[in-house]
Amino acid sequence: MYKIGCLAIMLVIMTVCLVENDAAFPSNRNSSPDGFWFGTQNLGCMLGKKGKRAAPSRGTLDLSHRVIYYRGYVFEQRPPPRWHNTPEWDSTAKCPVTWERNAAGRSKRSVQSVINFTNGYTRRFGGYNVVFNNCHHFANRVSQFLSGELN
């Protein structure tokens, strides 16, 4: 029982350390202007339901909607892949984003190159598939692009 209790406490502490308050953009984005962040939204909320190292990557079967922030833009695959550059992009009022505390990586890519990558995503990687090409795969591929592993 002692070991299980310690493990549960460690998981809670780790979770608290990884996330920050909900906001449309990461609150510390100005401290790392060339950084990019992973964020998640409650999947039930995104679907309109009630309820709750190479290039950096995250799990691809999480029950959440994953997005990437980079230089004032949020990139997501909903479908189709899209990008936003206003703090009140369409789903944040209803489904707040929880951003990781620290930047996942850094990039020298231009925002326009990431927009072009996003706009060509479906042609290059195929259409949305809940298991094999979902929002988590998209965010990981954007991370690979930002890190220079994909062109």
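Start by selecting Ile 68, which sits in strand S3. The model on your screen is a predicted one. Is Ile 68 buried or exposed? Ile 68 is buried: its relative accessible area is 0%, and the cut-off for buried is under 20%.

In sequence, 36 residues separate Ile 68 from Ala 104. In space, their C-alpha atoms are 9.7 Å apart.

**Step back to the whole chain**

Now show the cartoon. How many helices and strands does the chain have? Count 5 helices and 7 strands. Follow them from the N terminus and the order reads α-β-β-α-β-β-β-β-β-α-α-α. The chain has 151 residues, and 41% of them count as buried.

Return to strand S3, which spans 64–70. Select Arg 71, in the loop that links S3 to strand S4 (73–77). Check the backbone here. Phi of Arg 71 is near 45°. That is a positive value, in a residue other than glycine. Arg 71 has a relative accessible area of 38%, so Arg 71 counts as partly exposed.

**The salt bridge**

Next, select Glu 76 and Arg 78. Which residue does Glu 76 pair with in a salt bridge? The partner is Arg 78, and the closest N and O atoms are 3.4 Å apart. The structure holds 1 salt bridge. Glu 76 is buried, at 0% relative accessible area. Arg 78 is partly exposed, at 29%.

**Two packed helices**

Move on to helix H3, residues 111–119, and helix H5, residues 135–147. Two packed helices are described by the angle between their axes and by the distance between those axes. For H3 and H5 the angle is about 140°. Their axes lie 11 Å apart.

**A nonpolar patch**

For the last stop, bring the surface back. Select Leu 61, Tyr 128, Val 130, Val 131 and Phe 132. Together they form a nonpolar patch on the surface. The accessible area of the patch is about 540 Å². Zoom in on Val 130, one of its members. Where does Val 130 lie? Val 130 is in the loop between helix H4 (121–125) and helix H5. Its relative accessibility is 56%. The cut-off for exposed is over 50%, so Val 130 counts as exposed.

Methods:
Residues numbered from 1 in each chain as written. Predicted model: local features only at pLDDT ≥ 70, side-chain atom pairs only at ≥ 80, totals over all residues. Heavy atoms only, no water. Patch = residues over 30% accessible without salt bridge, like charges linked within 9 Å, V, L, I, M, F, W, Y side chains within 5 Å. Areas by Shrake-Rupley, 256 points an atom, 1.4 Å probe, with all protein chains shown as cover. Salt bridge = Lys/Arg side-chain N within 4 Å of Asp/Glu carboxyl O. Helix = DSSP H or I, 4+ residues; strand = E, 2+ residues; numbered from the N terminus. Buried < 20%, exposed > 50% of the residue type's maximum accessible area, 1.4 Å probe, protein only. Axes fitted to C-alpha atoms, helices over the stretch in contact; angles between N-to-C directions.
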